[in-house]
Amino acid sequence: MQCRVKLFARARDLTGADEVSVALPDAATVADLRRALASAYPALAGLLKRSALAVNNEFADETLKVPPAAEVALLPPVSGG
Amino acid sequence: MIRLTHDPIDYSALTEQVRRPHCGGVVLFLGTVRDLTGDRVTVALDYEAYPALAEKKMAETEADTRARWPVGEMAMVHRLGRLDIGEVSVAVAVSCPHRAEAFEACRYAIDRLKELVPIWKKENWADGSTDWVHPGSPS
């Protein structure tokens, strides 16, 4: 399946896109998604290691299976306030 | 009450909004745009959010705060977009029956917001360069 991932802040600047898409096998986990993103977008690899991933509007554990057509977002370390 | 907004935060109105007859303590925290980080000069900050999750995490922070302290009313508002030096980026107002719990609840709420809520700031430095702020080791 194709998984679309929303990007924010420096992650968006590093790729020049506010959304990217990666191919994932069915039943892929968040950890698989992380590896696929780092492979397809090497510029993201460093920041990705310290970023969270959100799936369907909640922070996701690495073992979570990414549902088809999920809303996925890459969340670099936050700095609000 | 939680809110993300692109408009200036009316923190006086926000403070009035949380006052309650049985609450003898009201604490307001304001985060404002600072002009210096170490020896680097900032001219403006840009804030952006992942709005759906940011609002959800702010609402959870409010619920957690209410579960721990006898909050009469509370309000958390975060500003987004371009902010100049001195402008208010975040406001947290909390009322409780007594001052100690109002201080503690407000401190907890702003600390949780800064730790959890997906909002990011970009420094616009005086030399024209910019940096997204992502705490932790650089990448």
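Tutor: Strand β1 (residues 2–5) of chain B runs parallel to β5(B), and 4 bridges join the two. Strands here are DSSP runs of E with at least two residues, helices are DSSP runs of H or I with at least four residues, and both are numbered from the N terminus. Two strands pair if DSSP finds at least two bridges between them. Within this pair, Leu4(B) has His78(B) in β5(B) as its bridge partner. Thr5(B) stands opposite Arg79(B) in β5(B).

A word on the source. This is a predicted model, in which local features need pLDDT of at least 70, side-chain atom pairs count only at pLDDT 80 or more, and totals for chains, interfaces and linings use all residues. Residues are numbered from 1 along each chain as its sequence is written, while chains are lettered from A and ligands numbered from 1 in the order in which they are written.

Now the other partner of β5(B). Strand β7 (residues 88–96) of chain B pairs with β5(B) over 6 bridges, in the antiparallel sense. There, Ala75(B) has Ala93(B) in β7(B) as its bridge partner.

How enclosed is β5(B)? Strand β5 (residues 73–79) of chain B has 6 of its 7 residues buried, so it is largely enclosed by the rest of the structure. Buried means 20 or more other C-beta atoms within 10 Å of the residue's own; exposed means 12 or fewer, and partly exposed lies in between, with C-beta atoms placed from the backbone.

Next, the helices. Contact means C-beta atoms, placed from the backbone, within 7 Å.

Helix α3 (residues 99–116) of chain B has 18 residues. At 1.5 Å a residue it should span 26 Å, and its end C-alpha atoms are 26 Å apart, which agrees. The expected span is 1.5 Å times one less than the number of residues. Which residues of α3(B) are buried? They are Ala102(B), Ala105(B), Cys106(B), Ala109(B), Ile110(B) and Leu113(B). These cover an arc of only 120 degrees around the axis, which puts them on the same side of α3(B). The arc is that of the directions from the helix axis to the C-beta atoms. An α-helix has 3.6 residues a turn, so residues three or four places apart point the same way. The cover over the buried residues of α3(B) includes β2 (25–32), α2 (51–68), β5 and β7 of chain B.

Notes: Two residues are in contact if their C-beta atoms, placed from the backbone, lie within 7 Å.
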